[in-house]
Structures are given as structure tokens and as C-alpha cells.
Amino acid sequence: MSERTPLYAKHIERGGVMVDFAGYELPVNYPQGIIAEHNAVRNAAGLFDVSHMGEFTLKSKDAVKALNRVLTNDFTVMDTGRVRYSLMCYPGGGAVDDVLVYKKSGGDFLIVVNAANKDKDLEWMSANIDDLEVEFEDISDRVAQLALQGPRSGEILSSLSDSSKLPEKYYSFKENVSVGGVNALVSRTGYTGEDGFELYCAPSDAPALYDALMAAGEPYGLVPAGLGARDTLRTEAAMPLYGHELRADYPVSEVGLDFAVKYTKDDFIGKAALLSRPPQYVRIGVRVADRGIVREGAPIFTADGEEAGVATSGTMAPALGYAIAMLRVRREFADCELYAEVRGRRLKLAPVPLPFYKRA
Amino acid sequence: MSLYFTKSHEWADVDGDIAAVGITDYAAGELGDVVYVELPEVGSAVQAGGKLCEVESVKAASEIFSPVSGVVTEVNTALEDAPELINADAMTAWICKIKIDGLNAELMDETAYKAGL
């Protein structure tokens, strides 16, 4: 039985097409459809319910030590009020998850994880930091999350808050911001490739925050947006998704996320394995040159018919007007002419630098 | 001419021994934004109830089943560049024409089809 987020009734009210996602009933799209929602986020703004995401708190004396052990990024030097992206690895170098870490103060962190990985992450982290002096807690049930994304997001939020209290820099956040009367943690982050904010609040406040944002956003072209647009937006922005680009059996050194893997720090789980063998695969972007759409799982071949790898994500890119895919291919074939097999046909692919879409 | 429907939400507009085939407005609504139609090949034989082609929305590819048995005589190439015609008006956006050699026994008229939605 799927869980419902505090905004379930809002989705139904707006005609959301509900699907099960990571154990939650969430809207895949609203009546106007994925393409309209996608384009609204690129040109104006969209509001997503991301309350299914998991949130953990990590506090006390050894918090930084714990983060540096279980995560690949380096948390030794980090300003309060900043957000940092990181991967979390198994000893073999494959991904447990990708996470965001918020530094509230010296020994007080918020960790945001993927909904589908929440229980696994909690167990994994607990088991690997239990010798340290930390207070580690899953607070997911006490947190609702909304993502306001798109170029008009700042204006919308400013109309509901004291704009001097809003985070200015990308990947920074402010606590205790009053947004339309609701107390929220406001973070300038997102999963769409646009400017935008993620707002964390108490579940009981979420419907009021949702209504306030939708009402304030209407003159700016704000629309409710679902999981479908969230996926096409993140794919255009070439942001990895766990289960697609990131997996337990894919070493994280093969995903092109080295900015978040700090081999210079003392140690982290997975470091030795990652350093012991050079990456075999690479993540690349392609446009589908033939007619058709290449989706996750499509096998990739060279012109000679050699197996080169697999498509990890693929879709028609609404803002670009053509089909795109991210591939995991063997390094030696990364610069070759490549083809994707779709229902028995080989579709020609053309290389495209990542990200496919970059905001102006 | 007469219009028939399938339980799997295709339509066949039969004129003599030629059926124009498409998907219903209901199916188009369920699929969402159609972004690609993999048209069947002219000259290919199809079976009533068997796979005819694939229609892809942003989210996923869906199989379309043929309402009639016969041979594909023509495909709507306008859908290659404008698959969104299916969302605009699914009942006029025919996918292909089939020279019929048999109807699906489970075809319905419009009233029966709409009663089942």
C-alpha cells in the first residue's frame, strides 16, 4: 500500500494522474501534460511535491568525520548555510545513493536522500558510523518538501517572503524563513537545470505553503508539475538519477561526477576500490539522429556491431525538440559512431556535449 | 462507411474493403503527449488483435493493436513530423490504411465503446 504525501488532496484537486513512485502516490503529470509542465519550468516556473524524499539529521562531535567516511565529497571545509552534493559508495566503488548535505552549524547537518533508497541508506550509514560520537536520525516523516523551479521562482518567492532572507547563491540555504506565513528551510537547489528553490516544512504546513505558492505564482505562469516533467527536466540537464546513471554495480568513477569524489581526502568507503582500477566506462550524451526514441536499457553498438554499452536514460527532450539519451559506454568506444537498438532496429546516434540543456 | 472500436482503444473507419485505423481520444488522453509514432510498413500483413505499431509518449512506448486483419496499404507520414496530431484530434489522425481480409469479432460500435469507458 502506497503512502500519501501531505499534498495528496492538492494533486487530486488539480487533476493529477497518480502513480506509485518509491512507495508514494505521486502525480506523474496534471491535465496539461508533461511537455507543457516541462516548458513552464524552462520559461516561467513549476511547483513539484517532493515530500517523498528522505531526510536525515546528523549531529554532534564526530559529524564531519562520519560524513567524510561514508560520503565521497570532502566536508572538512564547508561554510554554514551551504549545500554540497555527494555520492555514497559501497566498498567496491558502486553507488549506495547520491545525496545533498546541508550544513546548519559546525556539528549539525541535514542529509537529503532519494526516496527509494531511504531505508537502505539509513541502515548503511548507521552501520558504518556506529563507532563514532554522532546522533543520527531519520526525520523523513516530519518533513514535507516542495520544489519551486524555473526562472520566475525568485520573484514568486519574494512576493511571499522578506527577500533579504532568501538564499542568494546556488547551493546555499536559509532556515526559518517565513514563506506566506509558513516556517520553512529554503534552499537554492533543484533537479531541473533551472534556477529554483527547495522548501522544507512541517507536513501539517505543506498544504498552506502549496496554496500560497500557487496563488502567488499564478501571475508569473506557475503551474503544478509532476514526476514526468521532473524526469525530462533532469535528463535535459544531464543530472544523474539513482537506478539509471548511478547503480550499485557501476563504479562512481565511471559516471563523470568526479567533482563530488575527493580522492585527496584521507579515506572514504569505496576509495581504495575506485583507485585500484581505471574507469572502464564513461557517461556520454547523444542525440538520436534517426527517427525514434532511445530509452533506458537500450543496448548500444558500434558501426561494426560491437557491444559498446547501454542507454541509462533517454527521452524526447521537450525544450530541445529532439530525442536525447545518456549512455554508459566502454571508454574505447566513446568517440566512435554509435547506434542504439530499439525494437530490432539500429538507430544512429550523434554525440552531444553534456548537459544537453544549460540555462542562459 | 462505418466506424468500429476495440476494447484496447483503437478505431477502424471502414470504407469498402479499406479500413483507416487510429487510436481513440481516450487512448490519446491516457498516453499523454505523443512524441513518436513508429508507423507500420506498407505491405506488411497484420492480424486483428495483433500488434500493429508503437506509439510513444514522453514517458513510455505503447503497443497499438490492429482492429482488423489484412495488409497495410498506406501509412500517415504526416505523423512522422507531427505526432502531436494524435493529441490534437485522435479520431482524424489515422495511422495507416489496411486492406481488410477479416474483422475482429470483438469490434464495437461507438455507443458500446463509449459505454465501456
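Predicted model: local features only at pLDDT ≥ 70, side-chain atom pairs only at ≥ 80, totals over all residues.
Local features required pLDDT of at least 70 and side-chain atom pairs counted only at pLDDT 80 or more, whereas totals for chains, interfaces and linings used all residues. Residues are numbered from 1 along each chain as its sequence is written, with chains lettered from A and ligands numbered from 1 in the order in which they are written.

Chain A was divided into domain 1 (3-51 + 143-236) and domain 2 (54-140), the bounds coming from an automatic or database domain assignment. The centres of the two domains, taken over C-alpha atoms, are separated by 24 Å. Domain 1 of chain A contributes 10 residues to the contact and domain 2 of chain A contributes 11 residues (contact: C-beta atoms, placed from the backbone, within 7 Å). On the domain 1 side, strand 11 (residues 173-179) of chain A provides the largest share, three residues (strands are DSSP runs of E, at least two residues, numbered from the N terminus).

Between chains, 10 residues of chain B are in contact with 13 residues of chain A. Strand 4 (34-38) and strand 6 (51-57) of chain B each give two or more residues to the chain B side, and strand 4 of chain B gives the most, with three residues.

Strand 1 of chain A pairs with strand 3 (residues 24-29) of chain A in the parallel sense over two bridges, and R4(A) has E25(A) as its bridge partner in strand 3 of chain A.

Key:
Contact = placed C-beta atoms within 7 Å. Helix = DSSP H or I, 4+ residues; strand = E, 2+ residues; numbered from the N terminus. Pairing = 2+ DSSP bridges.
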